[in-house]
Amino acid sequence: MRSRKALLAVAVALASAAMATGQQAARAKGSDADDPPGRVARLSSMAGAVSFKPAGLDDWSAAELNYPFHANDQIWTDKEARAELSAGNVTLRMGASTSLGFLGLDDHGAHVMVQQGTVIVRLWSLGLGDWVEVDSPNSSVTLLKPGLYRIAFDGPAETTKLVVRGSEAEVLAAGSTFRVEAKQQARITGDADNDLTYDVTEAAPADDFDRWSSERDERVANAPKGNVSPEVIGYEDLAENGTWTTAPEYGAVWRPTVVVAGWAPYRFGHWAWVAPWGWTWIDAAPWGFAPFHYGRWAFWGGAWVWAPGPIAVRPWYAPALVGFFGGGGWRASFGVGGGFAWFPLGPREPFFPFYRYGPAYLGRVNININVTAVTPGSVAYANRAVPGAVTAVSRETVTLARPVGPAAVALAPSALASARVTGSAPAAAPVPASVLGHSGSPSAVARPPAAVASRTVTTLRAPAPAAVPFAAQQSALAAHPGRPLGAPALAKIRQASGSSAAPLARSATSTSGSHGKLVPVRSGLAPAKPYGGSNASAASHVAEPHAPHAAAPTAHTKKTGKGHEPPPRKPASKPKESGHPKHPE
């Protein structure tokens with residue numbers, strides 16, 4: 001394992017090399033504030049009808065495993081459905097008929113809204129400057145310690161229910177706050193425009209949903225962690241679906257146990273357009289997240305193996321770690337529109353993003369890789385010469401988010417002999433189907449009732465800027481195919497068209513205007529304290545919203561003293577979880 005000093009030296013070299021290369025410098029121009037987040041929330045489990053609305057679109061689409069959620073995305077679980085989202089140090093589990101959205105998600109903070117239904121939050125760790133906020137229509141909850149929380153909102157009753165088990169939270173409503181300790185529950189009732197009442201009592205006993213959540217916690221807690229950082233989203237799936245061994249050239253490597261005939265990394269799944277990263281790989285395997293967004297693949301011992309790299313610092317999410325061929329040095333028959341071909345990056349090969357980023361970003365996104373070449377033209381890509389490693393499809397397969405495996409075209413080695421690697425993403429402009437993740441009709445997709453989807457939630461922190469509608473971006477995206485718009489371009493579109501949707505959020509800190517008061521529902525209950533000043537303990541946990549994370553370690557065990565601790569074993573009856581996601585043919 002390299003020392004952190006050596007890894008940071010590589011990071012500096014990568015950033016300097018990129019800034020010295022004309023094409024890369026153009027993309028890297030900007031500050032660290034331009035960097036996309038270093039983490040996402042992966043849809044890691046689902047059962048029943050689950051749908052999502054991607055940022056920038058008004059349409060809902062059937063959800064699928066391994067999709068990366070981020071700011072302004074929304075997800076809905078229909079009747080008798082469940083879903084789980086994993087985002088590194090925090091896991092969110094949704095009960096039936098639940099509407100959840102991300103008001104923000106970055107390297108330090110998770111800002112979640114619950115417009116209806118029940119969400120269980122497992123906070124595995126809370127490092128310095130990290131924060132988690134969960135907002136409902138009438139109150140905002142800040143999680144103060146690692147532990148287990150359950151937040152529910154009942155729309156008809158206008159009631160938020162918070163259950164705290166072995167942890168601590170602070171509730172903010174109508175400009176006042178109160179604390180909820182371990183083994184307690186709180187109810188906040190009323191319309192946020194009028195007076196609210198609250199009560200704090202002993203926590204209710206666990207039910208079937210709690211027991212299912214505990215089983216999921218136990219699975220994560222018991223997953224082997226010696227070969228990969230627990231900050232790698234999806235690491236808990238690896239032990240159940242493959243085997244670990246040691247390769248002298250690469251260190252610890254993982255090999256999938258079962259794959260289909262003709263399998264190669266980045267072949268069985270599809271491409272989707274996920275801003276701010278742009279073209280993103282969505283793998284079809286239930287374990288297909290960690291090995292496609294972290295680490296590198298190598299053909300070793302007659303099989304494909306995944307090398308996560310050194311466990312030194314917090315890993316950084318990438319949309320797809322591949323190399324694309326471009327220019328006139330390769331040929332294949334795809335008909336009108338042409339096509340694209342790619343291969344998985346190998347160990348020690350740097351990832352050069354196609355999206356906008358700041359000068360330090362290259363070091364961060366490659367921080368867990370023992371990089372040996374630091375300029376795009378100096379990389380001798382090992383996997384491009386491995387038989388069967390290159391996947392090629394038509395342009396429509398990429399832009400319409402169609403399954404890649406059935407559409408893949410075999411290329412003879414001579415077709416790629418003089419091919420040039422030109423980037424990490426296809427030079428293709430996205431269409432609405434690229435964002436939805438399929439080209440079928442969304443009419444049959446389950447979605448929340450209009451009254452639920454339009455509910456405004458009460459927040460402590462300001463949400464991320466509302467997404468610019470995709471339709472307003474399309475002409476600019478078409479001008480530079482394959483490259484997402486950076487923050488300056490999006491700001492110009494907002495200003496020119498006024499086309500940004502209003503966020504579904506309002507501040508809970510105001511004590512004037514339309515806000516009422518927060519009053520105890522019974523005598524003997526301690527009064528809530530006015531928000532602000534020294535008694536606003538939630539404020540001490542506030543990091544700068546949506547700020548980029550420094551390249552520093554945040555291991556689960558080092559900062560909190562509490563790792564992934566297994567909960568007690570309890571039986572549960574649960575809906576059957578999905579296997580491979582369904583792809584429209």
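What follows is a conversation about reading strands, a helix and aromatic rings in a predicted model.

Colleague: Let's start with strands. How do the strands of a sheet hold on to one another?

Modeller: Strands of a sheet pair through backbone hydrogen bonds, either parallel or antiparallel. Here, take the open sheet of 4 strands, ordered β26-β25-β24-β27, where the pairing is antiparallel. At its edges are β26 (391-394) and β27 (420-423), each of which pairs on one side only. From one strand to the next, the twist averages 40°.

Colleague: How many bridges join β25 to β26, and which residue stands opposite W342?

Modeller: Strand β25, residues 339-344, is joined to β26 by 4 bridges, and the two run antiparallel. Opposite W342 you will find T391 in β26.

Colleague: Now side chains. Which way should I expect them to point along a strand?

Modeller: In a regular strand the side chains alternate between the two faces of the sheet.

Colleague: Are the residues of β6 buried or exposed?

Modeller: Being buried means having under 20% relative accessible area. In β6 (residues 82-86), 5 of the 5 residues are buried, so the strand is largely enclosed by the rest of the structure.

Colleague: Which strands does β6 pair with?

Modeller: On the one hand, 5 bridges join it to β1 (residues 41-47), antiparallel, with R42 opposite S86. On the other, 4 bridges join β6 to β7 (residues 90-94), also antiparallel, and there A83 stands opposite M94. β6 and β7 form a hairpin with 3 residues between them, and in the turn G88 has a positive phi of about 80°.

Colleague: Let's move on to a helix. Which residues of α11 are buried?

Modeller: In helix α11, residues 470-479, the buried ones are F470, Q473 and L477. They span an arc of only 60° around the axis, which puts them on the same side of α11. The face turned away from that buried side carries the exposed residues A471, S475 and A479.

Colleague: What do the buried residues of α11 pack against?

Modeller: They pack against β20 (269-274), α9 (432-436) and α12 (487-497).

Colleague: On to rings. How many aromatic pairs does the structure hold?

Modeller: There are 26 aromatic pairs. To read one, look at the distance between centres and the angle between planes; an angle over 60 degrees counts as edge-to-face. For Y67 and F69 the centres are 5.1 Å apart and the planes are at 75°, so this pair is edge-to-face. Y67 counts as buried at 3% relative accessibility, and F69 is buried too, with a relative accessible area of 1%. Another edge-to-face pair is Y266 with F292, at 5.0 Å centre to centre and 85° between the planes.

Colleague: Where do Y266 and F292 lie?

Modeller: Y266 is in the loop between β19 (251-256) and β20, and F292 is in helix α5 (residues 290-293), so the pair ties together parts that are 26 residues apart in sequence. Both Y266 and F292 also belong to a cluster linked by ring pairs, whose members include W254, W271, W297 and W342.

Colleague: And which charged residues sit over rings?

Modeller: Two cases to inspect: the charged end of R122 sits over the ring of W124, 5.4 Å from its centre, and R483 lies over the face of F354, at 5.5 Å from the ring centre.

Terms used
Residues are numbered from 1 along each chain as its sequence is written. This is a predicted model: local features need pLDDT of at least 70, side-chain atom pairs count only at pLDDT 80 or more; totals for chains, interfaces and linings use all residues. Side-chain values use heavy atoms; hydrogens and water are left out. Two strands pair if DSSP finds at least two bridges between them. Axes are lines fitted to C-alpha atoms, for helices over the stretch in contact, and angles run from 0 to 180 degrees between N-to-C directions. Buried means under 20% relative accessible area, exposed over 50%, partly exposed in between (1.4 Å probe, protein chains only). The arc is that of the directions from the helix axis to the C-beta atoms. Contact means heavy atoms within 4.5 Å. Rings of Phe, Tyr and Trp (its six-membered ring) pair if their centres lie within 6.5 Å; planes under 30 degrees apart count as stacked, over 60 as edge-to-face and the rest as tilted. A charge sits over a ring if NZ of Lys or CZ of Arg is within 6 Å of the ring centre and within 35 degrees of the ring normal.
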